[in-house]
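Please keep the structure in view while reading.

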Amino acid sequence: MNLVRNGKTYRMDNLPELSSNQFIWNGKIGYTGSLIKRPIPSILNIYTHYGLIYGFDKNGILWIIENNQNGVECVTIKDFLAGNSNYAIEPLADANKSLIILLRAFERSSLKYDKRYNNCDHFVNYALHGVAKSIQMEITENIVNITITVAENSIYCSSDPKHKKVLKMLNDLRK
């Protein structure tokens, strides 16, 4: 399922021309490669969508590099926020780190988006730190594993033979 975008989007091999890769956020100077994040609307509001600030074009539009269902793309801040006014920026204080962050982002740009193995969290952590890791996914998997373990333990205590099917289904779900 592709996301609907109102503004133009760019791939990493054809990024928009910038007029500035520097900005000020809450009194702090930031550069290309700064982290931007916003909540993902859901019932529990426990997930966050992450991106990297690319910079401002000649029209004053702020561009964000993100990994989403369309893959890695550069989108306007309006499209990144998707109607959400609640967001935060963690400014990159060292302009010298911008190039390595962009190079790492480019390395991951050809990988297919996957909620579990290559989501926005993996993408941003790799670009910023060189490690493709999603803390959000690790927490989710741990919660699911604990929930399944509790269910399995309560079924093991039952003598009903129909529960073998349920145990197999739970084991398949864990995989």
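The largest pocket has a volume of about 550 Å³. A pocket is found on a 1 Å grid over the protein atoms alone, as an open set of points where a 1.4 Å probe fits, with protein on both sides within 12 Å along at least five of seven lines. Its volume is the space filled by probe spheres set on the points, which are joined across faces, edges and corners. The model is a predicted one, in which local features need pLDDT of at least 70 and side-chain atom pairs count only at pLDDT 80 or more, while totals for chains, interfaces and linings use all residues. Residues are numbered from 1 along each chain as its sequence is written, and side-chain values use heavy atoms, with hydrogens and water left out.

The lining of the largest pocket consists of 26 residues, where a lining residue has an atom within 4 Å of a point. Nearest the centre lie Arg 38, Ile 40, His 49, Gln 69 and Tyr 113. At least two lining residues come from each of β4 (48-56), β5 (62-68), α1 and α4 (135-156); such helices (H or I, at least four residues) and strands (E, at least two) are DSSP runs, numbered from the N terminus. By class, 11 residues of this lining are nonpolar, nine are polar and six are charged. Here Ala, Val, Leu, Ile, Met, Phe, Trp, Tyr, Cys and Pro count as nonpolar, Asp, Glu, Lys and Arg as charged, and the others, Gly among them, as polar.

The second largest pocket holds about 180 Å³ of space. Among the residues that line this pocket are Gly 33, Glu 90, Lys 97, Arg 104 and His 129. Both α2 (98-108) and α3 (120-129) supply at least two lining residues, and α2 gives the most, with three. This second lining has six nonpolar, three polar and three charged residues.

How many helices and strands does the chain have? There are five helices and seven strands, and from the N terminus on the elements run β-β-β-β-β-β-α-β-α-α-α-α. Of the 175 residues, 37% are buried, a term that means under 20% relative accessible area, whereas exposed means over 50% and partly exposed in between (1.4 Å probe, protein chains only). Among contacts (heavy atoms within 4.5 Å) with a separation of 6 or more, 56% join residues 24 or more positions apart.

Asn 26, although not a glycine, has a positive phi of about 50°. This residue lies in the loop between β1 (22-25) and β2 (28-31), and Asn 26 counts as exposed because its relative accessibility is 66%. Ala 82 likewise has a positive phi, near 50°, in a residue other than glycine. Its place is the loop between α1 (77-81) and β7 (88-90), and Ala 82 is exposed, with a relative accessible area of 56%.

Another exposed residue is Asn 6, at 69% relative accessible area, in the segment before β1. Asn 6 and Lys 78 are 72 residues apart in sequence, and their C-alpha atoms are 8.4 Å apart in space.

The cysteines remain. Cys 74 is buried, with a relative accessible area of 0%, and Cys 120 is buried at 6%. Counting a disulfide as a pair of cysteine sulfur atoms within 2.5 Å, the total comes to zero.
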